Amino acid sequence: MPERRPYVAGNWKLWGTRAQADEYCRRLLTLLPEASRRPADVGLCVPFTALDVCLELLKGSGVLVAAQNMHAAETGAFTGEISPAMLVEAGVQSVVLGHSERRLYSGETDRALQEKVPAALAAGLQPILCVGETEAEREAGQTERKLRHQVGEALVDIADDRLADVVLAYEPIWAIGTGQVATPGQAQEAIAFVRALVASRSEKAATRVRVLYGGSVKPENAVEILAQPDVDGALVGGASLDPDSLARITAAAGG
Ligand code: PGA
C-alpha cells in the first residue's frame, strides 16, 4: 500500500483580518519544524482577503494556502463569486469545497459541487471536499447512505486517474464546533467507508487518496484520531485559530 502523507489543514472560517493573518503566519512559522522534518503537510484555509498576506509570508515554507470556496464558472453574472482562475492567479494552491457550513448557510448543493470539484482540478487547484452526516442521520443509521450520496455526486465527473488528487474530509456535522469529537473508532469506520467508496471507482485511487477527519480536533485528542489506519490527517476549525494548537496537531500526526 503506498504511503499517504498526512495532511493537517487549519480552517479559519470567518476569522482572520489581514493584520491577524500577518501575526498568525509569522508565529506559525516559528512553531513548525522545517518542511522536510514535518510529519504532515500543513495548510491554511483562509478568507479571500487574507490569501495574499498568507501566500507572501508562507512563501517557500511548504505551508499550503487554500480558499474556502469558489464558483465553478470562469466568468458570468454571479455577483460576489470568485473563479478558479482568479484563485490560481493569486497563487492559491487549494480550495475547500462543500463545507457543511456552506451547505447549510449558503445553499451549497451536491449539484454545484459536481461542477466545482472538476473545475478546481482543471484549474490546478487541489480540492478539499467535505462530507458528513447530521446527528439525526447518524441516529437513524443513515451515515453510510449520506456519505455514499455526497461522495458519489461530487466525484461523478472526475476521471478515475484524478480521484486521488482530491482530498476528502469526513466531517460529521454533530462534531463540528461542538466540542463533541467522534471517537477514534467512529472516525476510522466512516473514513474507511469513504475510502471504500473511492475503491468502488478505482482501487488504485483508494490507496492513494487522503481522507481527513474534521470535527473538534484539538491537540488533546489528535494523536488518537490520527493514529487510526485510514485517517490521513485533520481539518481543524476552532483549534486552528491558535497557531500553537495547529503546530501541536501537526506534531501529533507523527504519533
Ligand atoms: P471544528 O471545525 O474543528 O471547529 O469543529 C472543523 C471544520 O468545520 O472544518
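## Strands E1 and E2

In this predicted model, Gly10 stands opposite Leu44 of strand E2. The strand that pairs with E2 here is E1, residues 7-11, and the two run parallel, joined by five bridges.

## From E2 to E3

Strand E2, which spans residues 41-45, also pairs with strand E3, residues 64-67. This pairing is likewise in the parallel sense and comprises three bridges.

## From E3 to E4

The chain then passes from E3 through helix H3, residues 84-90, to E4, in a β-α-β crossover that is right-handed. Strand E4 covers residues 94-97 and runs parallel to E3, with two bridges between them. Within this pairing, Ala67 stands opposite Val95 of E4.

## The closed barrel

The pairings described above form part of a barrel into which eight strands close. The order of the strands is E1-E2-E3-E4-E5-E6-E7-E8, and their pairing is parallel. On average, neighbouring strands of this sheet are turned by 25° against each other when direction is ignored.

## The ligand and its polar contacts

The ligand is surrounded by 13 residues. The closest of them are Lys13, His99, Glu171, Gly177 and Ser216.

For His99, a polar side-chain atom lies 2.6 Å from a ligand oxygen. For Glu171, the corresponding distance from a polar side-chain atom to an oxygen atom of the ligand is 2.7 Å. In the case of Lys13, an N or O atom of the side chain is 2.8 Å from an oxygen atom of the ligand. Taken alone, the ligand exposes 280 Å², and the protein buries 96% of that area.

## Summary

The ligand has 13 residues around it, with side-chain contacts to its oxygen atoms from Lys13, His99 and Glu171.

Conventions
Residues are numbered from 1 along each chain as its sequence is written. This is a predicted model: local features need pLDDT of at least 70, side-chain atom pairs count only at pLDDT 80 or more; totals for chains, interfaces and linings use all residues. Side-chain values use heavy atoms; hydrogens and water are left out. A residue is near a molecule or strand if one of its heavy atoms lies within 4 Å of it. A polar contact is a pair of N or O atoms within 3.5 Å; within protein, one must be able to donate a hydrogen and the other to accept it, and residues adjacent in sequence count only if both atoms are side-chain atoms. Accessible areas come from the Shrake-Rupley method with a 1.4 Å probe; for residues, only the protein chains shown count as cover. Two strands pair if DSSP finds at least two bridges between them. Helices (H or I, at least four residues) and strands (E, at least two) are DSSP runs, numbered from the N terminus. A crossover is right-handed if, with the strands pointing away from the viewer, the path from the first strand over the helix to the second runs clockwise. Axes are lines fitted to C-alpha atoms, for helices over the stretch in contact, and angles run from 0 to 180 degrees between N-to-C directions.
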